[in-house]
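Come along as I go through the backbone and then the ligand.

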Amino acid sequence: MTNLRDNVGPFFGQYGGRFMPESLIAAIDELAAAYEETKTDPAFQAELAELHRSYTGRPSIITEVPRFAKHAGGARIILKREDLNHTGSHKINNVLGQALLTRKIGKTRVIAETGAGQHGVATATAAALFGMECTIFMGEVDTQRQALNVARMRLLGAEVVSVTTGSRTLKDAINEAYREWVTSVETTNYIFGTAAGPHPFPAMVRDFQKIIGEEARQQVLDLTGRLPDAVAACVGGGSNAIGIFHAFLDDPSVRLYGYEAAGDGIDTDRHAASIERGRPGILHGARSYLLQDDDGQTIESHSISAGLDYPGVGPEHAWLNDIGRATYLPATDTEAMEALRLLSRTEGIIPAIESAHALAGALKLGKELGPDSIILVNLSGRGDKDVATAGAWFDLFDEGARQE
Amino acid sequence: MTVRVDGASATIAARRDAGSGALVGYLPVGFPDLATSIDAAVALVENGVDILELGLPYSDPVMDGIVIQQATQTALAAGFRVRDVFSAVEGIRSRVDAPVLVMTYWNPVLQYGVDRFADDLRSAGGSGLITPDITPDSAADWIATSDRTGLDRVFLAAPSSTDARLADTVAASRGFVYAVSTMGITGTRQDVDAAARGLVGRLKAAGAENACVGIGISTADHVREVLEYADGAIVGTAIVKSLADGGVTALARFAAELSDGLH
Ligand SMILES: Cc1ncc(COP(=O)(O)O)c(C=O)c1O
């Protein structure tokens, strides 16, 4: 038996690969080669570890949430607190790795796409820290629903480009970032924000995020004396999910659950459940599950959560789904928002709407697995950026004081 | 049995023998509607364009600038279906005799079925595919299918491509190699990048029979300049813009201007 953990790409089963315009191949190959070198470069690893410790605040803690768990059939629920990282989500783990890589290949400018704005904020932060120029591409729809993060990025010195083509969300921000990258590839590195896209991104982003699961596995062992029965995470492109799953891939007793955004419901046409409702195709450089029509035109996804509003998913998840190692289930906007409010009121922790999809999943899972079960949930981000959305959803603003 | 359709190389060779080079014109299918896009393609050939490059509208065109994006989005919004490309090719080929290549992002072909797409294209009288978002090392299925059907397969080469990759691209391409003039996406530019000349030289050194230059070529002067060193000049955005701004009449006039003195 080979270990599931050992898969380094470019293919995960029939998924993954590198389907890209020739104009970008040289840059992608350069990045892949530099990344390979860093794997065995102790100086690189030490510098990244030090940034994790003294800049991000790793290891992130785990928090058991018994008052929340009362609503989950009494299962024990433990949160991995990526929300406590500097910049407020797991995205920083990946960005610091890729920023170090950018410096290593001698490039002075970084670009990135962003949906919720968390990856954009993390990239703008790293660019400030490393003294690099930074341009962030964000769909116009997302600049509106995550306006606070637009301001944060600008405060950090980044240029934010509002993308007005296509569906004006994350997928179009990626398209525009690719277009910009082709034009400026000599000086510019593309810091991709999730475990999707062409090789080496799915494997590289996973490797930079797998610290989440490695820490959490030991922390849960220390707290409970055993491995969890299940691990739950939300799935947009899939970076926080693969980050927490990876350490457990070869622990057969641990079930892995990814929650895709079901928007208004997977039986409506407004959702982002690519594994549940898509079929294999190529988008943004890799073969994976994809929301597409009969002609292979990408279908616009819908989710209240900008970070999950993406019609594709990383290839490693497509593979883990097909081989039955992980299970992917839908969580609707309403279920996520209810879970967000419940965690806020029972535990004093306001999660990101993205992460609330995993919490909604855990509430159901607990009832299935029973009172003695242990569920580890990746709390991928904090909800500060989502207060305007939640305020509107729950009607929390005073008359006349309502803000955009 | 399908009729034998000539690939682009015969046309390019004839133009080269005539002491010139081929003018390749790009248009998206279905813009502003299917019938007009067929009329427009016919008008290009009637006004001196030697080879047609028909763009297949796609939701995520990462190599295209804003003019072509807007045209293909218009086509999609008007209900363009992938199968329309075959009726367009057939309609064009019944009216003019010029090789028609389809420029397409890869997922629509994959979903239609690579073999089925190739067979239907060949039956319609199409000559082959230009594939901007895949490279030979990721195109085993298409290489096998184009070998079976004899269709042209035009891969792209970029100024940033290594010599080893250029050699692979030349070996894998049939019809011509699409030399990307500049590090960028489709759109009009003031000048054709000097990188284009260098790239064509490298492609020739790697054994390319035909290298056509595209991206940024938007005036008759650009075409003439490029044909001094390349086998073909590909004009896209400027043609689409003329159609968008002034309809088929304006497009015909613009094509005549581009081809003036070439034949
Ligand atoms: C807090 C948070 N969680 C999850 C995601 C989804 O991305 P991924 O699936 O790559 O973890 C995002 C994306 O913006 C996010 O901000």
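I began with His284(A), in the loop between strand S11 (279-283) and strand S12 (286-290) of chain A; strands here are DSSP runs of E with at least two residues, helices are runs of H or I with at least four, and both are numbered from the N terminus. Phi of His284(A) is near 55 degrees, a positive value in a residue other than glycine. I also noted that His284(A) is buried, with a relative accessible area of 6% (buried is under 20%, exposed over 50%, partly exposed in between, with a 1.4 Å probe and protein chains only).

A note on the source: this is a predicted model, where local features need pLDDT of at least 70, side-chain atom pairs count only at pLDDT 80 or more, and totals for chains, interfaces and linings use all residues. Residues are numbered from 1 along each chain as its sequence is written, chains are lettered from A and ligands numbered from 1 in the order in which they are written, and side-chain values use heavy atoms, with hydrogens and water left out.

Next I looked up Arg168(A), whose phi is near 60 degrees, again positive. Arg168(A) sits in the loop between strand S7 (159-163) and helix H8 (170-184) of chain A, and is partly exposed at 31% relative accessible area.

Then I checked peptide bonds. The one from Gly9(A) to Pro10(A) is cis, with omega near 0 degrees, and Pro10(A) comes in the segment before strand S1 (11-12) of chain A. His199(A) and Pro200(A) are also joined by a cis bond, with omega about 15 degrees.

Last, the ligand. I found an oxygen atom of the ligand 2.7 Å from a polar backbone atom of Gly236(A).

Definitions and conventions:
Polar contact = N/O pair within 3.5 Å; in protein donor to acceptor, adjacent residues only side chain to side chain.
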